[in-house]
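The following note is intended to accompany the structure as it is read for the first time. Its points are numbered so that each can be checked separately.

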Amino acid sequence: MPDNKKETYPKRKKANTDMRKIPKKEGWETKNKDDRKDTPAKKVSRCPYSKKCGACQMIDMPYNKQLKKKHARVQELLEPFTRVEAFVGMDEPEHYRCKVHAVFTHDKKGNPLSGIYREGTHEVVPVDGCLLEDEKADAIIASIRGMLKSFKIKTYDEDNGYGLLRHVLIRIGKNTGEIMVVLVTVSPIFPSKNNFVKALLKEHPEITTIVMNVNDKQTSMILGDKEKPMYGPGFIYDECCGMRFKISPKSFYQVNPVQTEILYNSALDMAELSGDEVALDCYSGVGTIGIIAARRVKEVISVELNKDAVKDAILNAKINEIKNITFYQNDATAFMQQMADSGDKVDIVFMDPPRSGSTPEFIDSVSRLSPEKVIYISCSPDSLARDLALFAKKDYEVKRAVPVDMFPFTRGIETCCLLTNRKPDTYVHLT
Ligand code: SAH
């Protein structure tokens, strides 16, 4: 799924900063002693935070079973259109998230705590590690938490507005090894800044850049507008399918790099490109799919609503010396309608909309542009099924559906579909 949600946090409630006792047990262990057989065995979750956090609905399910369940769900929804192929799972499904966020607060005695918001609340659950998150990122967060006292840096208190540090965001370029640490503060004045940076780099020399992001607003956004590099260039690069992409603190980038490559490669395999195509990349984000496809087609036209993402996309094309791609900042539906109205024709459409899916007008415009193939990448099988039904009315049939597990341990289902135009040949061949 494109994890394209803005960095936000839920509505405010009184913070609970109690340090909870973390159970030491791991795995499918039972709390019950053998001599208490009459009490039904109670399973202890693999993750001590799972109940409060709520992010991983499948945390205690064996991985194969998770994939089976998700497959059944997507098959049920896509039943009218096609047989869904095998789920592409991960060999090592833990610690896949290369973007990690921790909220900082303190307990009643002023001891710094870091963790996550309890599902749907503003309550902070102190967390030391997460089965989904990159372990290096979690270690850096723990180090920062450990350094705060000696540097006399107070964590921000939402109730009275005192303190400095609000959040830490870590982004890891899995394929380049580059690491960005974003310290979100309420003020631009960071005491002993240079010494703090030095001490953090001493503990984690693998960090390639540290950025201060100032967020002095009472909004639900994690990141504020002002940004200042404290060390390094203020961004990182990562590589995907042999291309290089710039990741700034606010850039959208898929969170599971291993599966992203698989997803994009399966989209390109399905496309069976000949090199002569005019391709559209709709809902293009920072340009990833279009840039990766560009060397295999004649021309790519990309459309994306978010201005910053389009800026990043233009830069990404430059970094990769891709010249046959044009980026448009526009609503995808409006853009497609304009293209269809002007009588343009395209050969293939890649579309990767947000969870809500696309629109009937977008799909109508696609049919008027009459591409031979549509590659639909979806992070929500519900909106995908709805949209496939609209495509079916426009004579596009689903030839393949490949689900790729981008979010192990969660309910998230990402699917890549190939649709082809089944319109009969409109030319009358006279013999
Ligand atoms: N294809 C990209 C991004 C997919 S996320 C990738 O794989 O990285 C979905 C994207 O759709 C986001 O970048 C979001 O900003 C964009 N988007 C959302 N609504 C849109 C709209 N109405 N028109 C165009 N783009 C839109």
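1. The ligand and the backbone. This is a predicted model, and the note begins with the ligand. One of the ligand's nitrogen atoms lies 3.1 Å from a polar backbone atom of Tyr283. A nitrogen atom of the ligand is likewise found 3.2 Å from a polar backbone atom of Leu305. When the ligand is taken alone it exposes 570 Å², and the protein buries 88% of that area.

2. Which of the 18 residues around the ligand come nearest? They are Tyr264, Glu304, Asp331, Ala332 and Asp352. Sorted by class, the shell consists of eight nonpolar, seven polar and three charged residues.

3. The protein as a whole. The protein has ten helices and 16 strands. Of its 431 residues, 53% are buried. The protein exposes about 21,100 Å², of which carbon and sulfur atoms supply 51%.

4. Helix 4. This helix spans residues 193-203, and its buried residues include Phe196, Val197, Leu200 and Leu201. These four lie on the same side of helix 4, because they cover an arc of only 130° around the axis. The face turned away from that buried side carries the exposed residues Asn194, Lys198 and Lys202. What, then, covers the buried residues of helix 4? The cover includes helix 3 (135-147) together with strand 5 (179-185), strand 6 (209-214) and strand 7 (226-231).

5. Asn215. This residue belongs to the loop between strand 6 and strand 7. Is Asn215 buried or exposed? Its relative accessible area is 2% and the cut-off for buried is under 20%, so Asn215 counts as buried. The side chain of Asn215 reaches two backbone atoms: the nitrogen of Lys217 at 3.2 Å and the oxygen of Met221 at 3.0 Å. Leaving aside residues up to four places away in sequence, Asn215 touches Arg166, Val184, Thr185, Val186, Met221, Ile222, Leu223 and Gly224.

6. Helix 9. Residues 360-369 form this helix, in which Phe362, Ile363, Ser365, Val366, Ser367 and Leu369 are buried. Where do the buried residues of helix 9 pack? Their partners are helix 8 (332-341) and helix 10 (381-393), along with strand 10 (278-282), strand 13 (348-351), strand 14 (373-378) and strand 15 (396-404). Ser370 follows helix 9 and has a positive phi, near 40°.

7. Asn265. This residue is placed in helix 5, which covers residues 257-271. Asn265 and Ile289 are 24 residues apart along the chain, and their C-alpha atoms are separated by 9.5 Å.

How values were computed:
Residues numbered from 1 in each chain as written. Predicted model: local features only at pLDDT ≥ 70, side-chain atom pairs only at ≥ 80, totals over all residues. Heavy atoms only, no water. Buried < 20%, exposed > 50% of the residue type's maximum accessible area, 1.4 Å probe, protein only. Helix = DSSP H or I, 4+ residues; strand = E, 2+ residues; numbered from the N terminus. Arc of directions from axis to C-beta. Contact = heavy atoms within 4.5 Å. Near = heavy atom within 4 Å. Polar contact = N/O pair within 3.5 Å; in protein donor to acceptor, adjacent residues only side chain to side chain. Areas by Shrake-Rupley, 256 points an atom, 1.4 Å probe, with all protein chains shown as cover. Nonpolar A, V, L, I, M, F, W, Y, C, P; charged D, E, K, R; others polar.
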